[in-house]
Amino acid sequence: MSDVRHSFPDVVVTPAAETLPSTPEPGLTRLIGAYNEKLFLAEHRMEKGWIGARHSHPHDQIVYVVSGRLRVTCGDNPFEVGAGDSFVVRGGIEHQAAAIEPSVVIDVFTPIRDDYI
């Protein structure tokens with residue numbers, strides 16, 4: 001985790017028109033939403049067939065599936081989630097996701113994801 005210090009106002013507004021998409025890997029598009037030093041919001045759009053790398057990070061993460069269907073493995077626990085489903089992954093737990101169909105998820109992390117900025 002980074003030790004970069006940030007100062008944030010009490011309210012942070014991130015208009016959709018000002019979010020620039022990035023493509024951290026083929027088949028995955030990321031949009032960064034509002035954040036402060038404690039919370040960080042990202043929207044991820046996955047093409048059908050996308051398979052993310054198995055990874056871990058120190059941030060707790062909550063995932064809400066807006067649309068589509070994913071196959072997820074957290075630790076040794078595989079499961080599928082679809083539109084309206086959500087799950088939480090504690091920091092430090094290895095996890096991986098794959099898009100069974102085109103999917104959009106909202107990820108909220110704590111603390112801030114300096115590596116995404």
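Residues 24 or more positions apart account for 64% of the protein chain's contacts with a separation of 6 or more. The model is predicted.

**View 1. The protein chain holds 7 strands and 0 helices.** From the N terminus on, the order reads β-β-β-β-β-β-β. Along its principal axes, the C-alpha trace spans about 40 × 30 × 25 Å. The radius of gyration is 14 Å; this agrees with a compact globule of 117 residues, which would have a value near 13 Å.

**View 2. The largest nonpolar core has 14 residues.** Met-46, Trp-50, Leu-70, Val-72, Val-81, Phe-87 and Val-105 have the most contacts inside this core. Two or more residues each come from β4 (60-74), β6 (86-89) and β7 (95-110). Strand β4 gives the largest share, 5 residues.

**View 3. Val-72 is among the residues with the most contacts inside the largest core.** Leaving out residues up to four places away in sequence, Val-72 touches Asn-77, Pro-78, Phe-79, Val-81, Phe-87, Gln-96 and Ala-97. Two of these partners, Val-81 and Phe-87, are likewise listed among the residues with the most contacts inside the core.

**View 4. Another core, of 6 residues, lies apart from the largest one.** Its members include Ile-32, Ala-42, Phe-109 and Ile-112.

**View 5. The surface of the protein chain exposes about 7100 Å².** Carbon and sulfur atoms supply 53% of that area. Buried residues make up 33% of the 117 residues. The chain carries 10 positive and 16 negative side chains. The centres of these two sets lie 4 Å apart.

Definitions and conventions: Residues are numbered from 1 along each chain as its sequence is written. This is a predicted model: local features need pLDDT of at least 70, side-chain atom pairs count only at pLDDT 80 or more; totals for chains, interfaces and linings use all residues. Side-chain values use heavy atoms; hydrogens and water are left out. Helices (H or I, at least four residues) and strands (E, at least two) are DSSP runs, numbered from the N terminus. The radius of gyration is taken over C-alpha atoms; the globule rule is 2.2 Å times the number of residues to the power 0.38. Buried means under 20% relative accessible area, exposed over 50%, partly exposed in between (1.4 Å probe, protein chains only). Contact means heavy atoms within 4.5 Å. Accessible areas come from the Shrake-Rupley method with a 1.4 Å probe; for residues, only the protein chains shown count as cover. Lys and Arg count as positive and Asp and Glu as negative; His and the chain ends are not counted. The place of a charge is taken as NZ of Lys, CZ of Arg, CG of Asp or CD of Glu. A nonpolar core is a set of buried Ala, Val, Leu, Ile, Met, Phe, Trp, Tyr and Cys residues joined through side-chain atoms within 4.5 Å.
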